[in-house]
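Hi everyone, thanks for coming.

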Amino acid sequence: MSELGLKPASTQHRGGETRALAALESLIANEHYTVTFSKPETAPTAFSPQSTTLFSPHHHFGSLSVRLLYWRVQDVISKKENKSKASQIPTNLIGQLLFRDMYFAAQAALGYSFAQTYNNPRTRFIPWHLPSTIDPETNLVTGSYTIDSQQAETWFQRWKFGRTGFPWIDALMRQLRQEGWIHHLGRHAVACFLTRGGCYIDWERGAEVFEEWLIDHETSCNSGNWQWLSCTAFYAQFYRCYSPVAFPKKTDPEGEFVRHFVPELKGYPKKYVYEPWRAPVADQKKWGCLIKGEESGEEGGGMKTYPKPMFDFNERRGICIEGMKNAYHVGLYGDDPRVKDGTWRKLFDDKAEGPTEGTKGSTVEGQTSGDGQDVDADEMDMGVDEDEAEAEHQGGENRGGDSTPRGGKRKRGQGTLDGHFVSPSPRKKREKA
């Protein structure tokens, strides 16, 4: 590797058919895990080892056949003595493969347009910040985007490189960049945070980062899951958001995951590890890390720094929910003529969240309003979700109407998604190989 001028791999995950088949045999040998596997009950904070199979990179590179996995798992759960205790579709191992096929089928129906909002008849149009630029000849994204808000661009870069000031989000993004993989619920948390649960930034920006950094990337699964988590397709309950504080505490109350991937905070006790900005300054100094500014770094005397939160999460969540509610009320999809020619702006108040000012403005090359700066994504350190989706939720949404009637009251516990996942019991945790 060094002779070729290549840097050593930063990830511990390795490929190849030999390793994949050995991992499959290990899975099948552990019948209890194979039979009772339920995706929502796995821990997104587990990292040594992870709580799921990590077969998705092998599926992507072809070192493990999807059909082989399906039939080997089916043989185990079909045994008479296992049927009564087996977990069910969609949360079991078979269900994860079906989600993968679902996204592949959805992409097959639309082709390239599936991976974008513009000209996509199945994806809701939301006036996100940092929208993609479109080639007028192909109606496809160009790989660049418009900076309509410098604040949104700053938030995007801080999210991407794990400097948001929210330790759970930063730990996940650092794990992604270092290892090329994060648990599917971790992916859900960072995707929700970037789009409808904090930043209100176009899901296509997040999909680009995942595309570059994930070792299990599949365009169909990546785009489909980003649409799901941004509530632009497949899922419509946008008022459910992942809290960057409460959610990780369910599976890691001690904060070991954060301390591992955000070592600046390794001295912080569990009381403050998810909210370090709340710690008294005297204690911050005692624990060797000051919460200040927008960067992680080091001051004189070995004192480290970790950024303050880049915004008030509760405030931003409320703004995003109102923005989503407004966009749902307008009811546009990516193939609407008003989306294509930019006249969609007439339907939104100038003060609405997103680049809604004026009466016309398009991100199609040659038709831009001139209000924003174009950025080439390929010039930035950019890059999906694997074949896993939020199986526990049945809130899928299709064009023509939401699964929940309009005007329905919010049910108890729908403020965030945190209460909809249970902490894995000891018997469900993955045994070390």
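Before we start, a word on terms: helices (H or I, at least four residues) and strands (E, at least two) are DSSP runs, numbered from the N terminus. This is a predicted model, where local features need pLDDT of at least 70, side-chain atom pairs count only at pLDDT 80 or more, and totals for chains, interfaces and linings use all residues. Residues are numbered from 1 along each chain as its sequence is written, and side-chain values use heavy atoms, with hydrogens and water left out.

As background, most residues other than glycine have a negative phi, and most peptide bonds are trans.

Let's take the prolines. Ser 48 and Pro 49 are linked by a cis peptide bond, omega near 5 degrees. You'll find Pro 49 in the loop between helix 2 (31-36) and helix 3 (56-61). Further along, the bond joining Ile 89 and Pro 90 is cis, with omega about 15 degrees. Pro 90 sits in the loop between helix 5 (80-83) and helix 6 (93-110).

Now for phi. Asn 139 is not a glycine, yet its phi is positive, about 60 degrees. Look for Asn 139 in the loop between strand 1 (132-135) and strand 2 (140-147). Cys 231, also not a glycine, has a positive phi near 60 degrees, and lies in the loop between helix 11 (219-229) and helix 12 (246-249).

So which of these is buried, meaning under 20% relative accessible area, with exposed over 50% and partly exposed in between (1.4 Å probe, protein chains only)? Cys 231 is buried, at 0%. Asn 139 counts as partly exposed, at 24% relative accessibility.
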